[in-house]
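Dear colleague,

Please find below the structure I am handing over to you. My findings follow it, arranged from the whole chain down to single residues.

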Amino acid sequence: VYVSDYSINTIYRFDADGTNPLKILDGAVPGQELCNSPEALMVVGDKLYWGSPGGIFRSNLDGSSPELYNSALEFPLDMQYDHERNKIYLVNDKESYSGGFFSLNYDGSALTENIPDIDGTALEVNTVTGKVYIAGYASAGTVMPDNGIYMSNIDGTQLSKIGEYGAKAT
């Protein structure tokens, strides 16, 4: 299990039962500065990926060899890998950046903005049904004018609000 602490620029690894915490990346350590405000953790194969200001970053599962993977996005807040389509889906921060729901091929090519200008904070992709679920903050003049949980097709079409999330999205 991998967990990031956004506020102190660290990523931890735990055993599956939640024991044996180990700090594997620390942005204060020389050579690990790429671990800056880490969010959107995902594991694909033998690599750990995360979003930070400046794009998508990755390392080996033990935190060694951290590197920039893709700089085309400003700050991915959540992302998921679709092994059937070999794609990454993500939401980009809108609080300080341009926002949006994006997809790209796993090799980093074919970046597509499926839903522009939205303020998504969390993302879940159902690859079987081809649906995407986004926890979104209200953003005037966009297709997400209200706080809530939204659903769309995996390509961003047919967006609709399907629920509330209370006082704060996670």
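The chain has 15 strands and 0 helices. Please bear in mind that this is a predicted model, and that every value in this message was computed from it.

Overall form

The chain counts 170 residues, for which a compact globule would have a radius of gyration near 15 Å; the value for this chain is 16 Å, which agrees. Taken along the principal axes, the box filled by the C-alpha atoms is roughly 45 × 35 × 30 Å. Of the 170 residues, 42% count as buried. The chain exposes about 8200 Å², and 50% of that area is supplied by carbon and sulfur atoms. As for contacts between residues at least 6 apart in sequence, 33% of them join residues at least 24 apart.

The largest pocket

The largest pocket has a volume of about 360 Å³. Its lining is made up of 14 residues, and those closest to the centre are Tyr6, Glu39, Leu77, Thr121 and Tyr137. By type, the lining residues divide into 6 nonpolar, 5 charged and 3 polar. Which strands each supply at least two residues of this lining? They are strand E8, covering residues 76–82, and strand E12, covering residues 119–126. The largest share, 3 residues, comes from E12.

Two residues to look at

Glycine 148 lies in strand E14, which spans residues 148–153. Is this glycine buried or exposed? Because its relative accessibility is 0%, glycine 148 counts as buried. Leaving aside residues up to four places away in sequence, glycine 148 touches Ile134, Ala135 and Gly136, as well as Lys161, Gly163, Glu164 and Tyr165. Isoleucine 162 is 14 residues away from glycine 148 in sequence, and the C-alpha atoms of the two are 7.5 Å apart in space.

Serine 139, by contrast in setting, is found in a loop, namely the one between strand E13 (131–137) and E14. With a relative accessible area of 9%, serine 139 falls under the 20% limit and is therefore buried. Which residues does serine 139 touch, not counting those up to four places away in sequence? They are Lys94, Asp117, Met144 and Pro145.

With kind regards

Notes: Residues numbered from 1 in each chain as written. Predicted model: local features only at pLDDT ≥ 70, side-chain atom pairs only at ≥ 80, totals over all residues. Heavy atoms only, no water. 1 Å grid on protein atoms, 1.4 Å probe; cavity = no way out; pocket = protein on both sides within 12 Å on 5 of 7 lines; lining within 4 Å. Points joined across faces, edges and corners; volume = space filled by probe spheres on them. Helix = DSSP H or I, 4+ residues; strand = E, 2+ residues; numbered from the N terminus. Nonpolar A, V, L, I, M, F, W, Y, C, P; charged D, E, K, R; others polar. Rg over C-alpha atoms; globule rule 2.2 N^0.38 Å. Buried < 20%, exposed > 50% of the residue type's maximum accessible area, 1.4 Å probe, protein only. Contact = heavy atoms within 4.5 Å. Areas by Shrake-Rupley, 256 points an atom, 1.4 Å probe, with all protein chains shown as cover.
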